[in-house]
Amino acid sequence: MPHPAPNPDRLADEIARQLGQLSDHLAILPAGEATRVIARVLNPEDGVLGRFTHLVATGSVFAKNQAERGVLPAEVWLALGRAANELHDIGLDLDEHTDTLQRLHARPAVTAKPPTAAPLVVRRRR
């Protein structure tokens, strides 16, 4: 006998709660574990970002159908479509860094020389 479909409202609430827990854990994880988790989150196929992008794209298709029937304003469909496209582009930008995060996690913990901090902000003189 197939499992009954979960209540979608409860499922969305549970996913949101679990994402909050993941954020809380990420904030206190050792660097190696944190990079591993971030790499998994960014995985374009099975990661949270890829799955969320797919969810928003699915919502866009739904909104398009509803807009064509006059149930939703077209702006809702356009906003969801734009959000799905932006998330996809963000995923592509971050995907190129996933390998770096995975390599950093796999690297031995002991190094002969401590890593050098990279300048992240350049200040302009006035």
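## Helices and numbering

Helices (H or I, at least four residues) and strands (E, at least two) are DSSP runs, numbered from the N terminus. By this reading the chain comes to four helices and zero strands, and its elements run α-α-α-α from the N terminus on.

This is a predicted model, in which local features need pLDDT of at least 70 and side-chain atom pairs count only at pLDDT 80 or more, while totals for chains, interfaces and linings use all residues. Residues are numbered from 1 along each chain as its sequence is written, and side-chain values use heavy atoms, with hydrogens and water left out.

## Confidence

The predictor's confidence in each residue is given as pLDDT, from 0 to 100. The mean pLDDT of the chain is 86, and 79% of its residues reach 70 or more. In the chain, helix H3 (residues 48-68) has the highest confidence, at 96, and helix H4 (residues 74-106) the lowest, at a mean of 89. Where pLDDT is low, the predicted coordinates should not be read in detail.

## Burial and a pair of positions

A residue is called buried under 20% relative accessible area, exposed over 50%, and partly exposed in between (1.4 Å probe, protein chains only). Of the 126 residues of the chain, 15% count as buried.

Asn65 is found in helix H3 and counts as partly exposed, at 38% relative accessibility. The C-alpha atom of Asn65 is separated by 8.6 Å from that of Trp77, a residue twelve residues apart from Asn65 along the chain.

## Salt bridges

A salt bridge is a side-chain nitrogen of Lys or Arg within 4 Å of a carboxyl oxygen of Asp or Glu, and a search of the whole structure finds three of them. Side chains of opposite charge can pair when their charged atoms come close.

Glu14 and Arg17 are separated by about one helical turn because they are three residues apart in helix H1. Glu14 is partly exposed at 30% relative accessibility, and Arg17 is partly exposed with a relative accessible area of 41%.

Glu68 forms a salt bridge with Lys64, with the closest N and O atoms 3.0 Å apart, and both residues lie in helix H3, four residues apart, about one turn of the helix. Glu68 is exposed, with a relative accessible area of 57%, whereas Lys64 counts as partly exposed at 32%. The side chains of Arg51 and Asp46 also meet in a salt bridge (3.2 Å, N to O), and Arg51 and Asp46 are both exposed.

## Surface patches

Patches are made of residues with over 30% relative accessible area and no salt bridge, where like charges are joined within 9 Å and nonpolar side chains (Val, Leu, Ile, Met, Phe, Trp, Tyr) within 5 Å. Accessible areas come from the Shrake-Rupley method with a 1.4 Å probe, and for residues only the protein chains shown count as cover.

A nonpolar patch on the surface is formed by Leu11, Ile15, Leu19, Leu22 and Val48, which together have about 370 Å² of accessible area. Its largest share, four residues, comes from helix H1 (residues 8-28). Ile15 is found in helix H1 and is partly exposed, with a relative accessible area of 44%.

A negative surface patch is formed by Glu45, Glu86, Asp89, Asp93, Asp95, Glu96 and Asp99, where Asp and Glu count as negative. Asp95 has its place in helix H4 and is partly exposed, with a relative accessible area of 31%.

Technical notes. The place of a charge is taken as NZ of Lys, CZ of Arg, CG of Asp or CD of Glu.
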